[in-house]
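Visitor: I would like to learn how to read this fold. Please take me through it feature by feature.

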Amino acid sequence: MLKNKIAFITGAGRGIGKAIAFTLASAGADIAGVDVNLEELKTVMEELSKTTGRKAIAIHADVGDYGSVETAVEETVKTLGRIDILVNNAGITRDNLLLRMNNEEWDKVIRINLTGTFNCTKAIIRGMVKNRSGRIISIASIVAEMGNAGQANYAASKAGIIGFTKSIAREYANRGITANAIAPGFIETEMTRALSGEVRKNLIDQIPMSRLGTPEDVANVVKFLASDDASYITGQVMHVNGGMYM
Ligand SMILES: NC(=O)c1ccc[n+]([C@@H]2O[C@H](COP(=O)([O-])OP(=O)(O)OC[C@H]3O[C@@H](n4cnc5c(N)ncnc54)[C@H](O)[C@@H]3O)[C@@H](O)[C@H]2O)c1
């Protein structure tokens, strides 16, 4: 499905980003994995290369820092040739009720989740325009649509990603570039492992499919959006949530 495509995936060191890297590589893509945690990322990229036979490079970069992203993009283009698929996946939470939320918790979540998406897209889209082809897939969240008590910063950052995606989709549709967002519900990763048993039970009660999602549930939709089968889909939000939000 993705033979010889080159994918730049942020936050590829674990969780959903790691599953996306494995899924795209299994479909034939070479991978530039980007993360702030270089040790974990290197292990993942080595394993990926061994199991799929694709090229996989590990690059340390903070998506919230434009200079760091630019360097990562240059290194990818130098080593792999170009970038066909950008997956904006790196993201963090700093949950707190609004009255207790400090500026740092607000700023950090916006900087990494939303400005990070802007930074990577801006640094990569120029090459896509030149190639008159490209796929931009950004990981938003169900809470962008539903809201969530304790996550005003996170929900705002993810809703921002959706507005950003729709604008980019309109700006670059006639250059052969599509931009879509995926809004996962609650997925089994380190991010959700921190939830207490009671919160988890409460969540599962609200999911018609009665389970959290797997990272692969999200990665398979990324693979589809990156493929030729999705060439007429742009500016959309794909919900992957077991029916929790319809
Ligand atoms: N897990 C869920 O339930 C869920 C639901 C909806 C959306 N999401 C979104 O999916 C994405 C992945 O989530 P996850 O659960 O796999 O998270 P995770 O915490 O398991 O992994 C995130 C990865 O991003 C990396 N990262 C963090 N800050 C970074 C930065 N500044 N620059 C580069 N890399 C950075 C981390 O080192 C880590 O490897 C996030 O954007 C998250 O908001 C997750």
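Predicted model: local features only at pLDDT ≥ 70, side-chain atom pairs only at ≥ 80, totals over all residues.

Visitor: How are helices and strands assigned?

Guide: They are DSSP runs, numbered from the N terminus: helices are H or I with at least four residues, strands are E with at least two.

Visitor: What span does helix 4 reach?

Guide: The expected span is 1.5 Å times one less than the number of residues. Helix 4 has 29 residues and reaches 41 Å from first to last C-alpha, close to the expected 42 Å.

Visitor: Where is the kink in helix 4 centred?

Guide: Bend is the angle between axes fitted to the seven residues ending at a residue and the seven starting there. In helix 4 the kink is about 40°, centred on Thr115.

Visitor: What is the strand order in the sheet?

Guide: Strands of a sheet pair through backbone hydrogen bonds, either parallel or antiparallel. Pairing here requires at least two DSSP bridges between two strands. The open sheet has 7 strands in the order 3-2-1-4-5-6-7, with parallel pairing. Strand 3 and strand 7 (237-240) are at the edges with a single partner strand each, so one side of each lacks a neighbour in the sheet.

Visitor: How many bridges join strand 1 to strand 2?

Guide: There are 5, and strand 1 (residues 6-10) runs parallel to strand 2. Ile6 has Asp30 in strand 2 as its bridge partner. Strand 2 also pairs with strand 3 (residues 56-60), in the parallel sense, over 5 bridges. The chain passes between these two through helix 2 (residues 38-52), in a right-handed β-α-β crossover. Right-handed means that, with the strands pointing away from the viewer, the path from the first strand over the helix to the second runs clockwise.

Visitor: Which residues come nearest the ligand?

Guide: Near means a C-beta atom, placed from the backbone, within 6 Å. Of the 29 residues around the ligand, Gly11, Gly15, Gly91, Thr189 and Met191 come nearest.

Note on methods: Residues numbered from 1 in each chain as written.
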